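Take a look at the model below and get your bearings.

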Amino acid sequence: MTVTAMQAQTKSGLIRWDGRKVQCPSGVVVKTKTFASVQFVAKEIRAGYETFVPHLTELGLTVEDVEELAGSSDPATKQLMTRDRERVRCSRCGRVLWDGESIAAGMGPECRGRAR
Ligand SMILES: [Zn+2]
């Protein structure tokens, strides 16, 4: 069995995701593929561009939340905060990997020949 804990507790609330969608603390759902872009929004806000604030507010997130997520050592959270084309993928089938064991191995459980 593969245990995937694809969720993170931020100060603003819980974020949960799967390979397709991210449910944000506000309840808004966005694509997992592009979620990492919130870091660029957070950087712009840090640089003083407050016009970007509503982009995070809509998701129920703060700059601090985004920075905390980006600094996480949890493998699945690291994947979430990495641009899709730079995410660790299965070396055999190319799927983005989400559990720590698979990420460490660079291959998903099925491709390693294990039962789910
Ligand atoms: Zn695979």
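Predicted model: local features only at pLDDT ≥ 70, side-chain atom pairs only at ≥ 80, totals over all residues.

Which residues of helix 3 (residues 63-70) are the buried ones? They are D65, V66 and L69. Those residues sit on the same side of helix 3, because they cover an arc of only 95 degrees around its axis.

## The nonpolar core

V66 turns up again in the largest nonpolar core, which has 17 residues. V66 is among those with the most contacts inside this core, along with V22, C24, V38, L56 and L61. Strand 2 (13-17), helix 1, helix 3 and helix 4 each supply at least two residues of the core. As a general point, nonpolar side chains tend to be buried together in soluble globular proteins.

Now zoom in on L61. Skip its neighbours within four places in sequence, and L61 is in contact with T10, S12, C24, P25, V38, L56 and V66.

## The whole chain

Zooming out, the protein chain has 5 helices and 4 strands, and along the sequence they follow the pattern β-β-β-β-α-α-α-α-α. Of the contacts with a separation of 6 or more, 41% are between residues 24 or more positions apart.

How many of the 116 residues count as buried? The share is 21%. The C-alpha atoms fill a box of roughly 50 × 25 × 20 Å along the principal axes.

Definitions and conventions: Residues numbered from 1 in each chain as written. Buried ≥ 20, exposed ≤ 12 C-beta atoms within 10 Å, placed from the backbone. Arc of directions from axis to C-beta. Contact = placed C-beta atoms within 7 Å. Core = buried A, V, L, I, M, F, W, Y, C linked by C-beta atoms within 7 Å.
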